[in-house]
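This briefing gathers computed features of one chain, arranged by topic for a reader who will want to check each of them against the coordinates. Please keep the sequence and the model open while reading.

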Amino acid sequence: MAAAGVASGKIVYEQEGVYIHSSCAKTNDQDSLISGILRVLEKDAEVIVDWRPLDDALDSSSIRYAGKDSSSVVEWTQAPRERANRGVEHLNSYEAEWDMVNTVSFKKKPHTNGDAPSHRNEKSKWSFLFSLTDLKSIKQNKEGMGWSYLVFCLKDDVVLPALHFHQGDSKLLIDCLEKYVVLCESPQDKRILLVNCQNKSLSQSFENLLDEPAYGLIQKIKKDPYTATMVGFSKVTNYIFDSLRGSDPSTHQRPPSEMADFLSDAIPGLKINQQEEPGFEVITRIDLGERPVVQRREPVSLEEWTKNIDSEGRILNVDNMKQMIFRGGLSHSLRKHAWKFLLGYFPWDSTKEERTQLQKQKTDEYFRMKLQWKSVSEEQEKRNSRLRDYRSLIEKDVNRTDRTNKFYEGQDNPGLILLHDILMTYCMYDFDLGYVQGMSDLLSPLLYVMENEVDAFWCFASYMDQMHQNFEEQMQGMKTQLIQLSTLLRLLDSGFCSYLESQDSGYLYFCFRWLLIRFKREFSFLDILRLWEVMWTDLPCKNFHLLLCCAVLESEKQQIMEKHYGFNEILKHINELSMKIDVEDVLCKAEAISLQMVKCKELPQAVCEILGLQESEVTTPDSDTGEDESVGMTCPATAFQSNNLPTLAASGARDDSPTVIAVSPNVSRLTPA
């Protein structure tokens, strides 16, 4: 509970016309409606919610606060004046009566200076404030009741008087509070928002991937490390570590080594590099050999594409075409057609006539699904909370997706309408998953390229088949990828991994956003088009996106280690790479890493599993042939068969000190998203 004298600070929300209805008497007495100002303030590592009468002239020491021993109960009902002011619209609504809201009276905070308070204004007795850390739940009014109201319930089961929003509604306040705490609907009552619940933490994690203030991240880590990790570890704060240790007495004396344990529980089931964990395979670090130098080619041209099509429209030599796309990407004029093959919407061996029939069939199927949600009436939707939730999230996300791109900028943009309709239709296509925040990031480039609602939908559905596990509530895809990324990075550079662990960053949470939406917010819009089409070739190996992560981290290793970046600085530095990464350079490095691993004769089995490399016949010096030891690795067809083989070059300085790689035996059984 915040001290009663705390009323100043940075105002992050302010709303006038927020009333307390102080009397349930059947009277038109104006005093039964107390107009006030509601504020949310940041002050000294706390967030304060403060309401006081508009004409309250008392100083902050006279503010009352909800006390644990408050016991007298009054009932609040709709005042007669409210009914008279509702108007015809409210009279016709499906519910026109206020709920009975129980609340407690308030106890004046004792004055430490012994001065008696001055009761110059009787209305001041209703003033209150509380710290957001004490908030347990928020009760909202039912839809269609006219003015909205909120009732705050604190953790000590103290219920504050209902605040009625006569000017505007309470949505802006809820949006403000969600910057600091996670709110979700109670399973028992959809009108009640519970604070810091976990059943919607994944959905919440995508809501503010870029936008959440640093303060909110600190509060969430302190109160709910699970949710905080999901929400914030791909973003920046300049003072996370200091705040965690300085503000929370329970962590004030903790040594740095314990912070990793504190954060490791954030994603249940995530275990990375736990060398003493029973059942883990300990593998001595091996020499990967020299790393090739890779050069990329020009994008595939329309002429090259046309030469590889037969008279019936089939793509010839699919493997060679994929390799050309992998090494150079596509000319933009080709993307609208070629992406449909890369994403599996069109079969590679289909004829032009077959594709025309397929498109006709898929168009009919799409509009049947679209009609399902389009035909839902307002009355039906009132009884379908999931559909309402999906629509609300989609509308919120669409209005802030790639709005600087000309294709989506401006008001009433048709591109935004198509984004909304495709995402709503996807909810009908996969109602179990529905919509999770972040999916609009995956759809936006597809619609931009396709310029067609139906084609964009089916390409998006295909892409979501690949990305589905990233958005599932259990986060199995994200757990798996973080484990696999740690395994690959330790094999490539054990010294860097050890440094990250020494700075409590060994769990690689700062890569979360990269993996979640496939680098969508790390590269420019046009670079993402290139990066995604390269990844969709499934070359040169499985989980190539993890090698892209390794390539970026390897490029930043020197600065991170030479400048002795700690936990906080690493988060900040990685986040600030957004829009500064050279896509062609990263693709070259990642391909070179894959070639280096394929040529390695002693690649650990766990790494083979991650990259989809299968160990073939192995001959050793002790075999009958007497040949040198060799290990053959197979990869997707023609992944490394190129007329211009890369030249070999030194891979640069590496840490050759002995180390071990801890690999879970379960890694190979996890399906990457």
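A residue is called buried here when its relative accessible area is under 20%, exposed when that value is over 50%, and partly exposed in between. By that cut-off L508, at 3% relative accessibility, counts as buried. The model is predicted, and every value below should be read with that in mind.

**Overall make-up**

- The chain has 673 residues, of which 55% count as buried, and its secondary structure comes to 25 helices and 17 strands.
- Among the contacts in the chain with a separation of 6 or more, 72% are accounted for by residues 24 or more positions apart.
- The accessible surface of the chain comes to about 29800 Å², and carbon and sulfur atoms contribute 47% of that area.

**R335 and its surroundings**

- R335 is found in helix α11, which covers residues 332-342, and with a relative accessibility of 5% R335 counts as buried because the value is under 20%.
- The side chain of R335 makes a polar contact with the side chain of H332, at 3.1 Å.
- When its neighbours within four places in sequence are left aside, R335 is in contact with L330, V449, M450, L529, R530 and E533.

**Salt bridges**

- Side chains of opposite charge can pair when their charged atoms come close, and a search of the whole structure finds 34 salt bridges.
- E533 and R530 meet through their side chains in a salt bridge of 2.6 Å, N to O; both residues lie in helix α21, three residues apart, which is about one turn of the helix.
- E533 counts as buried at 0% relative accessibility, and R530 likewise counts as buried, at 14%.
- Salt bridges that share partners join R296, R335, R530, E533 and E584 into one network, and R335, one of its members, is also in contact with R530 and E533.
- D441 forms a salt bridge with R521, in which the closest N and O atoms are 2.6 Å apart. Because D441 lies in helix α16 (residues 439-450) and R521 in the loop between α20 (512-516) and α21 (525-535), the pair ties together parts that are 80 residues apart in sequence.
- Both partners of that pair are buried, D441 with a relative accessibility of 4% and R521 with a relative accessible area of 18%.
- R400 forms a salt bridge with D397, where the closest N and O atoms are 3.3 Å apart; R400 is partly exposed, with a relative accessible area of 34%, whereas D397 counts as buried at 4%.

**Aromatic rings**

- A pair of aromatic rings is described by the distance of the centres and the angle of the planes, and the structure holds 27 aromatic pairs.
- In one of these pairs, the rings of Y448 and F525 have their centres 4.9 Å apart and their planes at 80°, so the pair is edge-to-face.
- Since Y448 lies in helix α16 and F525 in helix α21, this pair ties together parts that are 77 residues apart in sequence.
- Y448 is partly exposed, with a relative accessible area of 21%, whereas F525 is buried, with a relative accessible area of 15%.
- Ring pairs also link Y366, F367, Y426, Y429, F457, W458 and F460 into a cluster.
- W458, one of the residues in that cluster, has the charged end of K362 sitting over its ring, 4.2 Å from the ring centre.

**Backbone features in loops**

- Most residues other than glycine have a negative phi, and most peptide bonds are trans.
- L508 has a positive phi of about 60° although it is not a glycine, and L508 lies in the loop between α19 (494-502) and α20.
- D538, which is not a glycine either, has a positive phi of about 65° and is found in the loop between α21 and α22.
- The peptide bond from L539 to P540 is cis, with omega near -5°, and P540 has its place in the loop between α21 and α22 (544-562).

Technical notes. Residues numbered from 1 in each chain as written. Predicted model: local features only at pLDDT ≥ 70, side-chain atom pairs only at ≥ 80, totals over all residues. Heavy atoms only, no water. Helix = DSSP H or I, 4+ residues; strand = E, 2+ residues; numbered from the N terminus. Buried < 20%, exposed > 50% of the residue type's maximum accessible area, 1.4 Å probe, protein only. Polar contact = N/O pair within 3.5 Å; in protein donor to acceptor, adjacent residues only side chain to side chain. Contact = heavy atoms within 4.5 Å. Salt bridge = Lys/Arg side-chain N within 4 Å of Asp/Glu carboxyl O. Phe/Tyr/Trp six-rings, centres within 6.5 Å; stacked < 30°, edge-to-face > 60°. Lys NZ or Arg CZ within 6 Å of the ring centre and 35° of its normal. Areas by Shrake-Rupley, 256 points an atom, 1.4 Å probe, with all protein chains shown as cover.
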